[in-house]
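Please look over the sequence and the structure below before reading on.

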Amino acid sequence: MALNLERLTKWVSGRFIGPVAVSLAVMVLVISEAGFYRLQDISDNRESSIGTQMVVDGLRRTLLSMESASRGYMLTGRPDYLKPYHEQERSLLQMMGNAEHLAAEVPEQRDTLLQLVELARRKHSEMQTVLQRFDAGDRDGAIELTLTDLGREMMAQLNDLTDQIIRQEAARSVAYNHSRSSVLLWSRAGIWLLVLLCIGGAVALMHLSRHRERERRVYMLQLHAERDRLDEEVSRRTEETIELARHMERVREDERARLARELHDELGGLLTAAKLDLARIRKRIQDETGTKQQLVEHLRESLDAGIALKRRIIEDLRPSSLSNLGLKRTLQIQCAEFAQRAEVAVDVQLDDVVLSPERSLAVYRLVQEALTNVAKYAQARQVRVVLQREGEQVTVTVEDDGQGFDPSTVAGRGGHGLQGMRFRIRASGGDVGIRSAPGRGTTVHAVLPL
């Protein structure tokens, strides 16, 4: 049960931890961006609220400054008192335009702002009328108009509207501040929560990765151990196969030697005795026509041919010249007999090297097999046989200019002669390479240690 739970946990972790981590990262990004845009919107509204307060307060201060300047001008009659009035008049017109623009952007204060602008415009018109009368010489009329309650009532309404707008915008600013703090708090809480989840996911992923790394290492150790075991098994089996093949080769060579001895002792003795008997018969035959002598001569030639065939078979089975004459002379005899028998020119380049009996026999069999293949398949005009020493090695090369073949195709169809050639040399500690191509001849190259 615990094992199944562990497997289920691994499966769920491996299948969902990646998508969950991506989802958490996306959620962090979404919360961050949403909080940013929400805070930007609150900041814009707060700045708009502060701007509205500044506009309406500036509008009131401008009207008060203009009214003070106009009254100072009427009391003193000095034109320099009107300079602040005209300067503030331009600011008043700009502020009334700003207030109208704010009325279009702030629906909550639209009516109040438009009413404030209308009062400011009426107050401005009233001050212009007073100054026009004063400049026209109607000083008493201007003062009387100034002392009426109309201007005071308009300023009182304007002050009330201004204070109302400022209180409302101040309340909105406080609300925006609270909203900003709330957004910051929830954004930070959400981001911290998601970060903690991401950290937990990362820790789980690291744990899963470490677990998988441990499993991978255990698997690799098991794999290496199994591979080493298989290598040892293959090496052991290869050694057994090589040893068995060596044993079979020795048995075969021993059997060949036994057959060669029996042919030499038994068949050779019979043929020699028959030839001696034939010589005695020949001396006793009296034949005037010579017919019997011809038959006896033909029989003698047949016996000589049989003796030569017996000798060649014995040499093929077990070349006695290897132990009597050495490898170089044996290969010279072999190549000369092949050239005479196959009617092919053979170029022989042989160094006088000393090898063990086993390796000398392997070289002899290699050349024998290569020359046999040349005679059977190559249709060559010339063959080159080279035996030379190179340092602590001996190289053997048999090269012909025949029709060649595809080694891979021949190996796929069998090629037991070539395989036997390779194995015999490799069993002696050497190696064999065969290079050939259709129409380009064949080269058999072997290397053996001394």
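Setting aside neighbours up to four places away in sequence, arginine 133 is in contact with Asp138, Arg139, Gly141, Ala142 and Leu145. The model is a predicted one, and in it arginine 133 belongs to helix α3. The protein has 450 residues, of which 31% are buried, and its secondary structure consists of 11 helices and five strands.

**Arginine 133 and its setting**

- Isoleucine 143 is 10 residues from arginine 133 along the sequence, and the C-alpha atoms of the two are 9.2 Å apart in space.

**Helices α2 and α3**

- Helix α2, residues 82-105, packs against helix α3, residues 110-135, at an angle of about 160° and with 9 Å between the axes.
- Because angles over 145 degrees count in this way, α2 is roughly antiparallel to α3.
- The crossing in which α2 passes α3 is left-handed.
- On the side of α2, the contact involves Leu82, Tyr85, Glu89, Leu92, Leu93, Met96, Ala99, Glu100, Leu102 and Ala103, while α3 contributes residues including Arg110, Leu113, Val117, His124 and Leu131.
- Sorted by class, the residues of this contact between α2 and α3 comprise 14 nonpolar, two polar and four charged ones.

**Valine 106, between the two helices in sequence**

- Valine 106 is found in the loop between α2 and α3, and its relative accessible area of 4% means that valine 106 counts as buried.
- Apart from neighbours within four places in sequence, valine 106 makes contact with Ser48, Thr52, Glu169 and Arg172.
- Serine 48 is 58 residues from valine 106 along the chain, and the C-alpha atoms of these two residues are separated by 8.5 Å.

**Helices α8 and α9**

- Helix α8 (residues 327-342) and helix α9 (residues 357-378) pack with an angle of about 15° between them, their axes being 11 Å apart.
- Since an angle under 35 degrees is classed in this way, α8 is roughly parallel to α9.
- In passing α9, α8 makes a right-handed crossing.
- From α8, the residues Leu327, Thr330, Leu331, Gln334, Cys335 and Phe338 meet a set in α9 that includes Ser360, Tyr364, Val367, Leu371 and Ala375.
- The contact of α8 with α9 has 10 nonpolar and four polar residues, and no charged residues.
- Glutamine 334, which lies in α8, has a relative accessibility of 10% and therefore counts as buried.
- When residues up to four places away in sequence are not counted, glutamine 334 touches Tyr364, Val367, Gln368 and Leu371.

**The sheet and the helices on it**

- The five strands make up an open sheet with mixed pairing, in the order β1-β2-β3-β5-β4.
- At the edges of the sheet are β1 (345-350) and β4, each of which pairs on one side only, and from one strand to the next the twist averages 10°.
- Strand β3, residues 393-400, pairs with β5 in the antiparallel sense over eight bridges, and threonine 397 stands opposite histidine 445 of β5.
- Helix α8 lies across β1 and β2 (382-390), and runs at about 175° to β1.
- Helix α9 packs on the sheet, where α9 touches β2, β3 and β5 and has a direction that makes about 10° with that of β3.

- In strand β4, residues 431-436, the covered face carries Val432, Ile434 and Ser436, whereas Asp431, Gly433 and Arg435 are on the uncovered face.
- In general, side chains in a regular strand alternate between the two faces of the sheet.
- Strands β4 and β5 (residues 442-449) run antiparallel and are joined by six bridges, and the partner of glycine 433 in β5 is histidine 445.
- Five residues lie between the strands of this hairpin, in which glycine 439 takes a positive phi near 85°.

**The contacts of the whole protein**

- Among contacts in the protein with a separation of 6 or more, 72% are between residues 24 or more positions apart.

Technical notes. Residues numbered from 1 in each chain as written. Predicted model: local features only at pLDDT ≥ 70, side-chain atom pairs only at ≥ 80, totals over all residues. Heavy atoms only, no water. Buried < 20%, exposed > 50% of the residue type's maximum accessible area, 1.4 Å probe, protein only. Helix = DSSP H or I, 4+ residues; strand = E, 2+ residues; numbered from the N terminus. Pairing = 2+ DSSP bridges. Axes fitted to C-alpha atoms, helices over the stretch in contact; angles between N-to-C directions. Parallel < 35°, antiparallel > 145°, perpendicular 65-115°, else oblique. Left-handed = near helix turned anticlockwise from the far one by under 90°. Contact = heavy atoms within 4.5 Å. Nonpolar A, V, L, I, M, F, W, Y, C, P; charged D, E, K, R; others polar.
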